[in-house]
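This report describes a protein chain, beginning with a single side chain and its partner and then widening to the fold as a whole.

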Amino acid sequence: MSSTGNGPGLRVAVVGAGIGGLTAVAALKRHGVRCDVYEQAEHLREVGAGLQLAPNASGVLHRLGLAEPLRRVAVRPAAVEMRRWDTGTLLGRTELGDACERRFAAPYLTVHRADLHRILATACPEGSLHLGSRCTEVVEHDEGVQLRFADGSSRHADVVIGADGIHSAVRAGLAADAPRYSGTVVYRGLVPADRLPRHRDDPHVRLWLGPGKHCVVYPVAGSSLVNVVATLPAREWAGESWTARGDVADVRAAYADWHADVREVLDALDEVGLWALHDRDPLPSWTRGHRTVLGDAAHPMLPFLAQGANQAIEDAAALATCLSPVSEPASVPEALARYDEVRRARTGRVHAGARRNHGMLHLPDGSEQRRRDAELREATDLATQDWLYGYDAFAV
Ligand SMILES: Cc1cc2nc3c(=O)[nH]c(=O)nc-3n(C[C@H](O)[C@H](O)[C@H](O)COP(=O)(O)OP(=O)(O)OC[C@H]3O[C@@H](n4cnc5c(N)ncnc54)[C@H](O)[C@@H]3O)c2cc1C
């Protein structure tokens with residue numbers, strides 16, 4: 001493994017070069033803090049799937065100087081629409097587009113994960129990214145940490161930031177908990193937009209809600225692709241891996257009695273990936289001494305508020321702000337404690353909202369569902385999202 005060192009100042013090590021880890025590197029760079037990021041994969045790559053970026057995260061990326069590259073690959077949908085599974089009746093419509101950008105000073109975007117990942121990777125300082133570096137253990141000392149890697153090598157750092165996802169090795173030293181299976185799987189796929197021109201020419205985030213299932217559709221990659229996410233209940237997950245190749249016939253069969261618009265989208269898919277959805281209970285602390293975690297390593301959440309990556313981006317911005325005044329290793333624990341305090345409260349609320357939505361989105365037809373639909377009709381004002389989209393992660 002190459003050793004670039006960090007020059008003067010703190011030696012910061014980030015474990016994991018996903019969206020959270022790379023944003024942390026870019027945010028620390030903005031504050032003049034150099035860090036090294038260790039990624040287990042031999043090559044940088046992201047799964048082919050879409051991501052909704054709300055203003056609370058797109059605003060961070062804009063302030064990191066990434067507005068222009070993002071604009072080239074993202075789509076700015078006009079609105080989020082929720083519809084009933086069988087009749088297609090509109091249950092609620094929240095304006096995005098200009099209205100959202102005016103209110104939150106940043107846009108609501110949909111992107112291909114690989115596009116966002118590539119943009120973030122190009123924002124990393126040269127030589128800071130170490131591929132093929134699987135961290136196996138973090139050992140704490142009074143003045144820092146030692147990172148151990150699968151190839152037998154080790155590195156010292158003044159701070160280690162675990163951005164290594166839901167199976168985090170860095171988190172393992174903080175808690176002995178385990179991921180929790182949600183009883184739900186998602187099929188995700190991308191369709192060339194020429195096959196679904198309405199979704200390309202009239203970009204919206206469209207959700208169809210029905211008993212036990214929901215389906216989300218939006219364009220990505222400059223509207224050249226349409227992203228499809230279909231959830232299904234599955235009592236058990238027997239596979240060793242949480243991701244697998246799915247069978248398009250299965251997802252079509254599961255939605256066979258849904259509205260023609262949903263069936264049209266599913267019929268256009270050539271292939272799908274399958275994800276078993278897991279989260280973890282919130283931790284009482286993410287930080288010990290010179291070690292902390294962010295993103296899915298800290299607060300893996302269900303995707304039913306579309307906020308997992310958004311929260312990882314917020315974490316990165318907040319952590320960089322907390323660490324930026326620190327020049328002595330001895331001051332690190334205090335800075336990390338501040339980050340921990342601010343971010344656990346914020347992500348706890350989002351995590352709970354995502355769990356609540358799990359039940360809410362999948363209600364069987366009946367009185368509870370009618371009450372939900374009435375609430376959805378009421379809650380279309382963007383002001384109801386102030387708590388979520390209006391958050392300034394740099395202001396910690
Ligand atoms: C179906 C679905 C839809 C979603 N939709 C959205 C959405 O619309 N909006 C949104 O904000 N979020 C969404 N999410 C959530 C989002 O994908 C995650 O929250 C986000 O990717 C977490 O980013 P991360 O950087 O924390 O972790 P990861 O993306 O998991 O990255 C972790 C990185 O660490 C590396 N790594 C792991 N272990 C080690 C190790 N020991 N040593 C070195 N490297 C290691 C991995 O290889 C990886 O590169 C969705 C999730 C799902 C499943």
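Glu-68 is partly exposed, with a relative accessible area of 38%; buried means under 20% relative accessible area, exposed over 50%, and partly exposed in between (1.4 Å probe, protein chains only). Its partner in a salt bridge is Arg-72, at 3.5 Å from N to O, where a salt bridge is a side-chain nitrogen of Lys or Arg within 4 Å of a carboxyl oxygen of Asp or Glu. Arg-72 is exposed, at 56%. Helices (H or I, at least four residues) and strands (E, at least two) are DSSP runs, numbered from the N terminus.

The model is predicted: local features need pLDDT of at least 70 and side-chain atom pairs pLDDT 80 or more, whereas totals for chains, interfaces and linings use all residues. Residues are numbered from 1 along each chain as its sequence is written, and side-chain values use heavy atoms, without hydrogens and water.

A search of the whole structure finds 35 salt bridges. Three of them are listed here.

| Salt bridge | N to O distance |
|---|---|
| Arg-72 and Glu-68 | 3.5 Å |
| Asp-392 and Arg-63 | 3.1 Å |
| Arg-346 and Glu-314 | 2.7 Å |

The bridge between Asp-392 and Arg-63 links distant parts of the chain, 329 residues apart: Asp-392 is in the segment after helix H13 (386-389), and Arg-63 is in helix H2 (residues 55-63). Asp-392 is partly exposed at 34% relative accessible area, as is Arg-63 at 43%.

In the bridge between Arg-346 and Glu-314, Arg-346 belongs to helix H11 and Glu-314 to helix H10, so the pair ties together parts 32 residues apart in sequence. Arg-346 is buried, with a relative accessible area of 8%, and Glu-314 is buried at 0%. Elsewhere, shared partners join Glu-81, Arg-83, Arg-93, Glu-95, Asp-202 and Arg-206 into one salt-bridge network.

Pro-325 occupies the loop between helix H10 (308-323) and helix H11 (332-361). This proline is exposed, at 66% relative accessible area.

The protein chain as a whole has 13 helices and 18 strands. Its C-alpha atoms fill a box of roughly 60 × 45 × 40 Å along the principal axes. Of its 396 residues, 55% count as buried.
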